[in-house]
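Have the structure open as you read.

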Amino acid sequence: MMSIMDNASCFYKNGLKFSCQRCSFCCGHSPGYVYLSRSDLDKLCEGTGLSIKEFVSKYCRWADYYEGKTVLALLEKPNYDCILWENGCSLYEHRPSQCRTYPFWAWIVKDKATWDEIARECPGMRATNGRHWTYEEIEAARQEYIANIPLTCEEVEALINS
């Protein structure tokens, strides 16, 4: 697991501005994966009122992951929008950790160059009047992103069969 960034040398030591503009840049337009952890799956099932088996069958797919693992991810529509995107997230209050922590993902906040590169396409990261996120809030989101491990096929099968 990655350690907490050194505040003294970190480009976001004084925080960053970000306010979601509901543009859906992070929710679609290009292929990608929203990986689901056990916590994510539980929240989504609660939000839909579906059982794990029903939710997985209706909204999920299997995706390749690191070290040759196959893990649970949300489906995409043919235009690559997230299956839950309907002019906004249809399950916003129950959205996965990956969605809640954007754009403070470990690989995005690793350096200013990467942040600036992603910000070219995300208007929320360029919003000069956006919400100011403190170093501590960014670190909390970054750590949540790192700790959010998606469910494997075997783990989902065990949940469905328990």
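## A buried charged pair

Let's start with Arg-142, which forms a salt bridge with Glu-139, their closest N and O atoms being 2.8 Å apart. Keep in mind that this is a predicted model. Both residues sit in helix H6 (residues 135-147), three residues apart, or about one turn of the helix.

Buried or exposed, where do Arg-142 and Glu-139 fall? Arg-142 is buried, and Glu-139 is buried too.

## Other salt bridges

How many salt bridges does the structure hold? There are eight. Side chains of opposite charge can pair when their charged atoms come close. One of the bridges is between the side chains of Arg-61 and Glu-76, at 3.7 Å from N to O. This one ties together distant parts of the chain: Arg-61 belongs to strand S2 (residues 60-64), Glu-76 to the loop between S3 and H3, and 15 residues separate them. Arg-61 has 23% relative accessibility, so it counts as partly exposed; Glu-76, at 23%, is partly exposed as well.

Another bridge brings together the side chains of Glu-86 and Lys-77, at 3.1 Å from N to O. Here Glu-86 counts as exposed because its relative accessibility is 53%, the cut-off for exposed being over 50%. Lys-77 reaches 22%, so it is partly exposed.

## Helix H1 and what covers it

Now turn to helix H1 (residues 38-48), where Asp-40, Leu-41, Leu-44 and Cys-45 are buried. Why do the buried residues of H1 line one face of the helix? Looking down the axis of H1, they fall within an arc of 130°, so they share one face.

The cover over these buried residues includes helix H2 (52-59), strand S3 (70-74), helix H3 (97-100) and helix H7 (153-161). Just past the end of H1, Gly-49 takes a positive phi of about 75°.

In soluble globular proteins, nonpolar side chains tend to be buried together. In this model the largest nonpolar core has 19 residues, and Leu-36, Leu-41, Phe-55, Leu-72 and Leu-74 have the most contacts inside it. H1, H2, S3 and H7 are the elements giving two or more residues to this core, and the largest share, four residues, comes from H2.

Setting aside neighbours within four places in sequence, its contacts include Val-34, Leu-36, Leu-44, Phe-55, Tyr-59 and Pro-96.

Most residues other than glycine have a negative phi, and most peptide bonds are trans. Which residues does a cis peptide bond join here? Tyr-102 and Pro-103, with omega at about 5°. Pro-103 is placed in the loop between H3 and helix H4 (112-119).

Arg-22 has a positive phi of about 60° without being a glycine. Arg-22 lies in the loop between strand S1 (16-17) and H1, and its relative accessible area is 54%, so it is exposed. Tyr-80, also not a glycine, has a positive phi of about 80°. Tyr-80 is in the loop between S3 and H3 and is partly exposed, at 37% relative accessibility.

Methods: Residues are numbered from 1 along each chain as its sequence is written. This is a predicted model: local features need pLDDT of at least 70, side-chain atom pairs count only at pLDDT 80 or more; totals for chains, interfaces and linings use all residues. Side-chain values use heavy atoms; hydrogens and water are left out. Buried means under 20% relative accessible area, exposed over 50%, partly exposed in between (1.4 Å probe, protein chains only). The arc is that of the directions from the helix axis to the C-beta atoms. Contact means heavy atoms within 4.5 Å. A nonpolar core is a set of buried Ala, Val, Leu, Ile, Met, Phe, Trp, Tyr and Cys residues joined through side-chain atoms within 4.5 Å. A salt bridge is a side-chain nitrogen of Lys or Arg within 4 Å of a carboxyl oxygen of Asp or Glu.
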